[in-house]
Amino acid sequence: MQAEIVSPPPPASLRLSWASAARVTVPAVMLATLFFELALAERKYALFGGGFGQSQTLDAPLEIGAFLVALLTCQGFVFYLLYRLLWRLHGARAGGPIFHLNFVFLVGGAWIGAVIAKYEALSYFSDAMSFQIVRNLGGGSLAGALLYSLNESVLILICAGVALVVYGVALLVLRRRWRGARCVEDRTRLTGRQTLLAFVAIALLLFGANRVPDARAALARFNSVIALATVLHYATDWDRDGWSFYSHPIDRQPFDGNRHPYALDIPGNGIDEDGYGGDLAFGGGTGEVPAPPIVGRKRHVVLIVLESTRADSVGMRVGGRRVAPTLEALAASGSAAREAYSHVGFTTESLQSLFTGEFEPDGRQSLVSDFLANGYEVGVFSSQAEDWGGTAERVGLRRAGTYVDAARLSEERAFAFGATGSLLLDGKVLLREFDRRLGRPEQWRRPHFLYFNLQSAHFPYSAPGMDRILPGEPIPRSEIKAANREWVARTYWNAVAYNDRLIAALLARLRRLGVLEDTLVVVTADHGESLFDDAFLGHGHALNPQQTRIPFILSDPGVALPTPLGLADMRSIILHAAGAPVPVRPSGAVFQYLGSLDRPGSIGTVSAGGQWTIFNLFTESVWTSRSGRWTRYSALRGSERAQADALIDRWARERWRRHLRDRNRT
């Protein structure tokens, strides 16, 4: 019988060297993963430089210091906990060469893999604020959306396969070279008390860093901070109402589940549920406008929505050339609003308000149902996928007899991206489809309501096949930054000019069909766009003229338009202009919000002359055009406090109206 060969135990010096290696391996892996994640975050969000869609930038010493200290501390603590977990799993071989290999690959490699997967998903989601929007990418399933965003990520799978091969080879080498090597000595272990004290210190550090808004926004991008903040959130949500000392804003009533930030304020009960403005006094109805009959001759109605188009497009000159001559002519011969605004800087919510006259509607009333009830043929020609954000369902676009959008013609999309939110059709494709489906005069014997959506002015402001109308070449996407502000603006204005040319082509088609004189043409936009002229690029992160003021033009002259008006007012105005006995509300302040109606980051009202009152719920501070500064809500006195409370009351009333509508429909 052959004797078993037993490997001699490793020398004491080798055991100690592997134990000491933990002092190098853990910090090295932690820093490597941190730098990798930081590089991806900077590339996508431009944390230190600003970029598209970024209103919060680390550009002050306090912000940068709070961010770096909190991030390093959280990353170090999380990796220490992972190190301790892996130590326990390895038992007697903890601290040896296999342990270090597993720490590098299983902890460091898995961390980097998770970060890559997250950013690959975000490249499809565009960092969407709403889980519902994300679910729409996967046909209503969040898991489906994640899988859909990763289904083209062959490179990730290849890298994962290579990493597994390298891991396998390294494992074989280590087992042969240091077979039997082990180390049971752990000189880096903290006691339970020390670990608890470290966690408490991190909790205090994160609480303080969260009081610095730009630092908080940057920290929320990193997995270690998200993990620890989630634990702290649930640990301090004592009344289980979803709000805590680590939510934004914090819960000032931690033991009352009915009172917290964003709680629905119930009118007349003597309780201020959300903590702002006192108890709600409500005397209005739901504000619903039922489908009205159109009296007299039914004219055709064409509604054109321009993506990301600012109000100053009308009258803009670039290099001595008019950007929107068609819109200018339409406004001169028809009617144009002096001041029109979007309520929120996102496409889906804006379109839903335009069609329904409501904030975040359920689809029971809309321009589509209004015109269908009056015997109109309805047609949809959209450069975007109208299922994105649930718009098609909520406003009834699927009921249209003619339906063309970027999802239906996805093989002709302008860019290679295949996610629903990234689909874009050239407007020339829409004109071609219009010719195919409605290009004969006999098809216009019944009245038509047509909805056109033109996406050319959306970031990155140029696409293959777009006409060059203004001087200069389009800016490459990689060059879009604040230093190239003028180049960015020229590219954007050319996109607006291209849409204007498409509108002219559509009007020419209506004229050839002999129906233009019998058609009400309406042109507006979903929101505006910042072009670094207010230090931002993009939309949806500030309440200001660049991002929320939009054109609103009707081909009919003499239409009485309130000043200012919002997208939610346009349904009644369009119906009234089409011949329906619908009252148009008198002028007043337009309500606006960032985010969702229930959980906005900021709320605001804008009155005539562009006078804003804005309340930032995260920082609990108020800005007014009159003061020109941010002031803590608790420090406001007199007329400024009354102005802020009137804004908060408006927000509470809009939420209560929606609550009543939802209750009446169930």
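Predicted model: local features only at pLDDT ≥ 70, side-chain atom pairs only at ≥ 80, totals over all residues.
Trp243 is buried, and Tyr262 is buried as well. The rings of Trp243 and Tyr262 make an aromatic pair of the tilted kind, with 5.2 Å from centre to centre and 40° between the planes. The pair connects distant parts of the chain, since Trp243 and Tyr262 stand 19 residues apart, both in the loop between helix H9 (223-236) and strand E1 (300-306).

**Aromatic pairs and clusters**

- The model holds 29 aromatic pairs in total, counting rings whose centres lie within 6.5 Å of each other.
- The tilted label for Trp243 and Tyr262 follows from the 40° between their planes, because planes under 30 degrees apart would count as stacked and those over 60 as edge-to-face.
- Phe371 and Tyr376 make an edge-to-face pair, because their ring centres are 4.8 Å apart and their planes meet at 65°, where the limit for this class is over 60 degrees.
- Phe371 counts as buried because its relative accessible area is 0%, and Tyr376 counts as buried because its value is 3%, the cut-off being under 20%.
- Elsewhere in the chain, Tyr80, Tyr83, Trp87 and Phe103 come together as one aromatic cluster.

**Charges over rings**

- Arg216 places its charged end over the ring of Phe618, at 5.1 Å from the centre of that ring.
- Arg641 is positioned over the face of Tyr633, and here the distance to the ring centre is 4.1 Å.

**Strand E17 and its two partners**

- Strand E17, which covers residues 611-616, is mostly covered, with 5 of its 6 residues buried.
- On one side of the pairing, strand E16 (residues 600-607) joins E17 in the antiparallel sense through 6 bridges, and within this arrangement Ile603 has Phe615 of E17 as its bridge partner.
- E16 and E17 form a hairpin in which 3 residues separate the two strands, and Gly609 in the turn has a positive phi of about 85°.
- Strand E18 (residues 621-624) also runs antiparallel to E17, and 4 bridges join these two strands, with Asn616 standing opposite Ser621 in E18.
- E17 and E18 likewise form a hairpin, with 4 residues between them, and in this turn Glu620 has a positive phi of about 55°.
- As a general point for reading such strands, the side chains of a regular strand alternate between the two faces of the sheet.

Technical notes
Residues numbered from 1 in each chain as written. Heavy atoms only, no water. Phe/Tyr/Trp six-rings, centres within 6.5 Å; stacked < 30°, edge-to-face > 60°. Buried < 20%, exposed > 50% of the residue type's maximum accessible area, 1.4 Å probe, protein only. Lys NZ or Arg CZ within 6 Å of the ring centre and 35° of its normal. Pairing = 2+ DSSP bridges.
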